[in-house]
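Q: Could we go through this model together? I would like to begin with its charged pairs.

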Amino acid sequence: MFDWNWLWVVGEIGISYGFYRWWKSNDKFLAVLEVAPDIDINDLKQFSSSRTFIDYAAIHGIVRTNDSKSNSVLKSQFHPHCLGVIHRLTIREKKLEKLRNVWTETNKTISDIIRHVPFRLVSPSGNYIRIDTPIKFDSIEDQLEVIHVKFEPNTSSSIQKIVDTFLGDLSAGVETKEQMLLVDAPLTGVGRLEKQSNGIWYLVPHKKWGGILTRSTRAEIVAQYRDRSLIVRVISICFGVAAIGTAAYLLYKYYFKRRQQTNRLPNISPINNTNQTDNNSNARLHCVICLENEIVYSLQPCSHLGLCHSCAQTLQSRNRGEELCPLCRTPIQEYQRIFLP
């Protein structure tokens with residue numbers, strides 16, 4: 001019979017392998033990131049005119065709009081003087097839900113809209129590169145600055161609040177949060193540098209390694225990925241050790257169970273009654289299975305007399321669920337040695 005506890009082992013192995021793959025993938029990216037050159041925007045002009053790309057590099061600059069046109073910059077909906085190139089408006093409903101007689105605060109997102117425009121990373125001397133698709137870069141959404149948060153409490157009637165409280169679903173109010181990547185913010189970009197036919201350099205995500213836009217420095221990015229790699233490695237090893245420990249415990253449990261079953265019969269030599277001559281008078285003393293050897297065991301808890309030593313051994317070698325009394329089909333718990341006169 002299959003032991004469902006082995007599913008724990010399979011699950012732990014699967015989780016360990018998943019984190020192992022993540023760990024190795026992170027280490028490969030970290031190795032690429034550590035050797036990626038740190039490019040100064042001003043130095044791009046020094047590259048040969050025949051060179052049209054730099055496969056993977058880090059570059060630093062200040063966020064600026066592409067031109068002075070009105071559609072080249074985004075404005076805050078609540079603070080008109082705030083100008084940026086990425087805008088995010090999130091509207092969430094804060095609720096109190098009753099789960100197992102405990103009130104828990106939850107957030108339900110009503111709307112989450114992100115807008116962006118192409119922009120430049122500009123050096124202090126005025127040289128620049130362009131970024132046309134910033135949303136495709138990793139980490140950029142975590143770099144947005146919160147410029148407005150407003151919470152509007154629920155204004156429903158008292159009766160509605162009583163009904164919601166009884167149902168365990170009470171709305172506390174609506175929160176509106178506005179975030180932006182503002183103009184003049186310092187930014188570090190990691191990705192592929194490509195020079196277009198117009199002579200302008202663009203930063204785009206690498207097809208294999210992706211791209212990063214962040215306020216952190218290159219050294220801080222490397223440190224973050226090292227810490228992440230260490231955490232994932234520890235989790236992978238922990239689940240691997242747990243899988244080995246669980247498997248060892250289940251094997252020991254199976255071995256101990258089999259050993260108990262083997263040792264349930266008293267250690268005696270088989271008794272044969274092949275020399276008996278009066279078969280009619282002693283038929284009721286013969287094993288009910290082989291009908292030849294003398295009965296030496298009483299089966300518990302049904303107390304039937306019926307098995308010789310060899311047949312008891314054969315019966316006991318089966319799975320525990322198939323180890324049944326041959327007379328009444330009761331599961332056998334113990335073999336009791338008997339002595340006939």
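Q: Is Asp132 buried, partly exposed or exposed?
A: This is a predicted model. In it, Asp132 has a relative accessibility of 29%, so it counts as partly exposed.

Q: Which residue does Asp132 meet in a salt bridge?
A: Its partner is Arg130, with an N to O distance of 3.1 Å.

Q: How many salt bridges are found in the whole structure?
A: The search gives 11. Some share partners: Asp55, Arg192 and Glu194 are joined into one network in this way.

Q: What does Arg92 pair with?
A: Arg92 forms a salt bridge with Glu175, and the closest N and O atoms are 2.7 Å apart. Arg92 belongs to strand β4 (residues 83-99) and Glu175 to strand β9 (residues 169-182), so the bridge ties together parts that are 83 residues apart in sequence.

Q: And is Glu175 buried or exposed?
A: Glu175 counts as buried, because its relative accessibility is 12% and the cut-off for buried is under 20%. Arg92 has a relative accessible area of 22%, so it is partly exposed.

Q: Which residue forms a salt bridge with Glu34?
A: That is Arg226, again with the closest N and O atoms 2.7 Å apart. The pair links distant parts of the chain, since Arg226 is in helix α3 (residues 218-262) and Glu34 is in helix α1, 192 residues apart. Both are partly exposed: Arg226 has a relative accessible area of 47%, and Glu34 has one of 36%.

Q: Let us turn to α1. How many residues does it have?
A: Helix α1 covers residues 6-35, which makes 30 residues. From the first C-alpha to the last it reaches 44 Å, close to the 44 Å expected at 1.5 Å a residue.

Q: Which residues of α1 are buried?
A: They are Val9, Glu12, Ser16, Trp23, Asn26, Phe29, Leu30 and Leu33.

Q: New topic: which residues form the nonpolar patch on the surface?
A: The patch consists of Ile159, Val163, Phe166 and Leu167, which together have about 490 Å² of accessible area. Leu167 is found in helix α2 (residues 158-167). With a relative accessible area of 61%, Leu167 is exposed.

Q: Finally, what domains does the assignment give?
A: The domain assignment gives domain 1 (1-35 + 217-256), domain 2 (56-216) and domain 3 (297-337).

Q: How far apart are domain 1 and domain 3?
A: Their C-alpha centres lie 46 Å apart.

Definitions and conventions:
Residues are numbered from 1 along each chain as its sequence is written. This is a predicted model: local features need pLDDT of at least 70, side-chain atom pairs count only at pLDDT 80 or more; totals for chains, interfaces and linings use all residues. Side-chain values use heavy atoms; hydrogens and water are left out. Domain bounds come from an automatic or database domain assignment. Helices (H or I, at least four residues) and strands (E, at least two) are DSSP runs, numbered from the N terminus. The expected span of a helix is 1.5 Å times one less than its number of residues. Buried means under 20% relative accessible area, exposed over 50%, partly exposed in between (1.4 Å probe, protein chains only). Patches are made of residues with over 30% relative accessible area and no salt bridge: like charges are joined within 9 Å, nonpolar side chains (Val, Leu, Ile, Met, Phe, Trp, Tyr) within 5 Å. Accessible areas come from the Shrake-Rupley method with a 1.4 Å probe; for residues, only the protein chains shown count as cover. A salt bridge is a side-chain nitrogen of Lys or Arg within 4 Å of a carboxyl oxygen of Asp or Glu.
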